[in-house]
Amino acid sequence: MSGILLLLLIPIITAVLCYSSHNRKEAEYFSLIGIAVTAMVSIFLISASQSSPIFFFRGMFFIDALSAYILSIVILVSVAVAIYSVRYMGREFQEGLISIKELKDFYALLHLFIFTMLLAAVSNNIAIFWVAIESTTIVSSLLVGFYKDRESIEAAWKYIILCTVSLVFGLLGVFIIYYASSIVLVGEGTLNWTELREIAHDMNPKTVKLAFLFILVGYGAKAGFAPIHNWLPDAHSQAPTPVSALLSGVLIKCAFLGIIRFAIIGNECLGISYCGNLLMIFGLVSMGVASAFILVQNNFKRLLAYSSIEHIGIIAIGMGIGGFCGVYGSLLHMLNHAIVKPLLFFTTGEIKLKYHTTAIDKIKGAMVTLPIVGTVMLVAALAIAGAPPFNIFLSEFTILKAAVDGGNWVTFSLFIIFATIIFAGLLRNFGSMVFGRPNIDHDEQEKKQIVKNGNKIGIGIIVVMAVIMLVLGLHIPGFLDEMLKSSVKIIAGE
Amino acid sequence: MEKSFDLSLVNDFISIGILLTAIALNTLERLESCVKAYTYNSWLLSLLILVPAVTTGNPHLYVAASLTLATKGIMIPLFLRKIVSQQKMVHQVQPYIGNLLSLTLSGVLITIVYASLSKGISVTGFSNHALKVSIAVILIGLLIMITRRKAITMVVGLLFMENGLFLTGFSLTSGMPVIIELGILFDVLMCVIILGVFIVQIRHKFYSVDLDASTTIHDQLTTLKG
């Protein structure tokens, strides 16, 4: 099916067009049209893949229900980010923080970054998947070091070195799986995930255990699991805000997709307890580390980055508990986090544009200076902390239900303790930013604002995402439920 | 029978050569010599792939050997040499630990690898020996990365790890499909180029201010140097 080829080519063409555009308007239009076309093609592919998986190029690429689900998350966040970038980067351009060349570079890199994530989502071949994840590191490190000051270059350097080293171990895991398959198939092994899954029963369990450990370390660093998360707060806080939203909203989930795929092979070969327990341990450690750092944080972008570590931990815990509820909750949590976290990055981005700082204690009264954005930010902060009736509460509750059903009382109680600490830390910090007496001269700022800013589309996307967040907290639409159920079937079996 | 025995011996010699270049990295004082060690390592790696290509006549192995030589043996070393020669400051490696300790640690790592892989792994590719060497090279690369101060030695350590990884791939199986190898090599190449760009930027941002010698900046310099 050549639709996949089209899906992968459009972002590259868009990137080239953005790079070669002549002025700001042109680059922005190319970027918006490019992402719109990508979204249309992908909606077509996602709906086509619901009945049966689509294969392309000797089975190296495919879209099954699970890839379609991840693909839709990638597309959803990418569209929001592309629209918001017009506002955010436009403002930075107007204020003279970046030059026109840098603006064009930004759009080109943004679309290349989206391309690498799409490639990761649709690859069936585990080595192509590795190449895609490594390319996300390479492209996004340029975006992390985009401002070219000391902090951002240091963050980018740390990011690319740490992730590349851990991905070396990930590739070792891929080689080991290939070796295991070549013993089963006698001679040429296979790298296609669908074929690996069929022969998983016959593989040597010890070899598969070794491979899964390497994969978990390799992709786990990229996903932001706790002992190997050090790059994440730096990269998320130094990148331009739209890029932070992409890194946090979808990149870590793309890496986690690799872990899920290998866990499926591992489950077939070793039974569900081995991979599940490892994921649960990593998840709990991530939550614990994040809860400690969230309490003492004074930079809101770093705060959000640590919150991402917490949520990838929750996703891993749900996947580790397994069963229908655990996997369903975990997948739903991926989507919910991918909506709420970019929303928080966008709203705090507005605050950064207004207050010109990222220090929490220097920001007061955001509700007064920015009424819409401040309100949305408070609601989103409540949602990310896990308060009902928002969508994150729903998926966390589903995961906790799975923990109780499975009798995982240690996991259950640790989860509750960490979630409570994080709830307190998040609300204290966001509360102090939203409420209180504004500490900047509001009227003077307002005047400047009117002159400078005619672009309301960025605020529009914030409101739209807030509405999606509220709706998903109360009701899961039928098509989403169908997608989730068929993805759960792939992961947990019938 | 006689011929294949000889060639496996040749392969053992080459893999020992690969290990020796990695060990030599522990004691090299100048950045240029580090790059040279990497160059020899890559040439030996592609030679190691070439030997079974000649004996089996498998066209895929010829392609793999020439691709390895072109990227790892020629393009990346030339690029690294250019970056090193642009540097106007000291060309010393400046490790955190002494050469002797570094060598000893490498020796310990090699012993651990040989002891733990002495039995239990049957290999479809070249030889059991190459597998042990490859894991040892990965670990030595990692050791170099964490004990050296300069950005460029970190890159060299990373590249040694990647060479070790390729050797693992070839010793476990008889190589990956060509298109996959192409993808991985392209990624490695891009990664090195981007790292090179960052090294140049680090030098701009950190060295130019080094002359003013403020203490906080000094702190940062110990962790990050061009």
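Which residues of chain A does UniProt assign to the feature "domain: NADH-Ubiquinone oxidoreductase (complex I) chain 5 N-terminal"?

Mentor: UniProt, in an unreviewed entry, places that feature at residues 61–92 of chain A; such annotations may be inferred rather than shown by experiment, and their positions follow the numbering used here. Residues are numbered from 1 along each chain as its sequence is written, while chains are lettered from A and ligands numbered from 1 in the order of writing. The model is predicted: local features need pLDDT of at least 70, side-chain atom pairs count only at pLDDT 80 or more, and totals for chains, interfaces and linings use all residues.

Residues 61–92 of chain A are 88% helix and 9% strand, with their end C-alpha atoms 38 Å apart; helices (H or I, at least four residues) and strands (E, at least two) are DSSP runs numbered from the N terminus. Helix α3 of chain A spans residues 65–94 and packs against helix α10 (residues 241–270) of chain A at an angle of about 170°, with the axes 9 Å apart. Axes here are lines fitted to C-alpha atoms over the stretch in contact, and angles run from 0 to 180 degrees between N-to-C directions. The angle therefore makes α3(A) roughly antiparallel to α10(A), a label used for angles over 145 degrees. Among the residues in this contact (C-beta atoms, placed from the backbone, within 7 Å) are V77(A), V81(A) and Y84(A) of α3(A), together with A245(A), G249(A) and K253(A) of α10(A). By class, the residues of the contact divide into 13 nonpolar, 3 polar and 1 charged; Ala, Val, Leu, Ile, Met, Phe, Trp, Tyr, Cys and Pro count as nonpolar, Asp, Glu, Lys and Arg as charged, and the others, including Gly, as polar.

A further annotation from an unreviewed UniProt entry, "domain: NADH:quinone oxidoreductase/Mrp antiporter transmembrane", covers residues 123–420 of chain A. This span is 82% helix and 0% strand, and its end C-alpha atoms lie 38 Å apart.

Chain A also meets chain B, in a contact that takes 29 residues from chain A and 25 residues from chain B. On the chain A side, α5 (126–144) and α6 (150–185) each supply at least two residues. The largest share, 17 residues, comes from α6(A). That side of chain A has 19 nonpolar, 6 polar and 4 charged residues. For the complex, the predictor gives an ipTM of 0.87 and a pTM of 0.91.

In chain B, helix α2 (residues 31–56) has 26 residues and reaches 39 Å from its first C-alpha to its last, close to the 38 Å expected at 1.5 Å times one less than the number of residues. G57(B), with a positive phi near 70°, follows α2(B). α2(B) packs against helix α3 (residues 59–86) of chain B at about 175°, with the axes 8 Å apart, which means that the two helices are roughly antiparallel. Their contact divides into 17 nonpolar, 6 polar and 3 charged residues.

For the whole of chain B the mean is 80, and 81% of its residues reach 70 or more. Over residues 208–226 of chain B, pLDDT stays under 50.

Terms used
Contact = placed C-beta atoms within 7 Å. Parallel < 35°, antiparallel > 145°, perpendicular 65-115°, else oblique. pLDDT = per-residue confidence, 0-100.
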